[in-house]
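Please open your viewer and get ready to click along. We will go from stop to stop, selecting a few residues each time.

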Amino acid sequence: MRYKVGAEQVEHVPSLAHRPDGVFRVARTAPVGPTHAVGAATGAAAYGIKTHGLEVLDQDWEEAFFVEKCPGCFAAVVAQSSPWCDKR
Ligand SMILES: [Zn+2]
């Protein structure tokens with residue numbers, strides 16, 4: 001199961017994109033505060049929160065090392081991806 005980043009709040013961070021034909025202003029979407037793991041296939045959060053109101057980013061949650069992660073989702077994802085752990 002793949003998980004996407006589910007952010008409670010996002011901000012649009014202005015940044016500059018350098019391209020061969022010039023420099024452009026672009027807005028990058030960055031999560032604010034803790035993020036939750038939202039199943040890419042199911043659209044449901046891994047742990048204990050309604051996804052209603054979450055902004056799901058097109059970003060792999062497990063690989064998103066730069067965001068703050070909700071400890072509940074983190075534990076749930078680790079438990080699910082470890083075959084030697086009992087499923088709870
Ligand atoms: Zn969570």
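The tour below starts with the strands, moves to one residue, and ends in the core.

Before you click, note that this is a predicted model, in which local features need pLDDT of at least 70, side-chain atom pairs count only at pLDDT 80 or more, and totals for chains, interfaces and linings use all residues. Residues are numbered from 1 along each chain as its sequence is written.

**Stop 1**

Select residues 3-19, strand S1, and then 22-39, strand S2. Helices (H or I, at least four residues) and strands (E, at least two) are DSSP runs, numbered from the N terminus. S1 and S2 run antiparallel and are joined by 16 bridges; two strands count as paired if DSSP finds at least two bridges between them. Look for the hairpin, which links S1 to S2 through two residues.

Which residue of S2 stands opposite His-12? Select Thr-29 to see it. Then try Val-13, whose bridge partner in S2 is Arg-28.

**Stop 2: Glu-55 and its strand**

S3 pairs with S1 in the antiparallel sense, over four bridges. One place to look is Ala-7, which has Glu-55 as its bridge partner in S3.

Stay on Glu-55: is this residue buried, exposed or partly exposed? Glu-55 is partly exposed because 16 other C-beta atoms lie within 10 Å; a residue is buried at 20 or more such atoms, exposed at 12 or fewer, and partly exposed in between, with C-beta atoms placed from the backbone. Beyond its neighbours within four places in sequence, Glu-55 is in contact (C-beta atoms within 7 Å) with Ala-7 and Val-10. Draw a distance to His-36, 19 residues away along the chain: the C-alpha atoms are 9.8 Å apart.

**Stop 3: the largest nonpolar core**

Select Tyr-3, Val-5, Ala-7, Ala-37, Val-38, Ala-45, Ala-46, Leu-54, Trp-61, Cys-70, Cys-73 and Val-77, the twelve residues of the largest nonpolar core. Such a core is a set of buried Ala, Val, Leu, Ile, Met, Phe, Trp, Tyr and Cys residues joined through C-beta atoms within 7 Å. S1, S2 and helix H1 (71-81) each give two or more residues, and S1 gives the most, with three.

Definitions and conventions
Contact = placed C-beta atoms within 7 Å.
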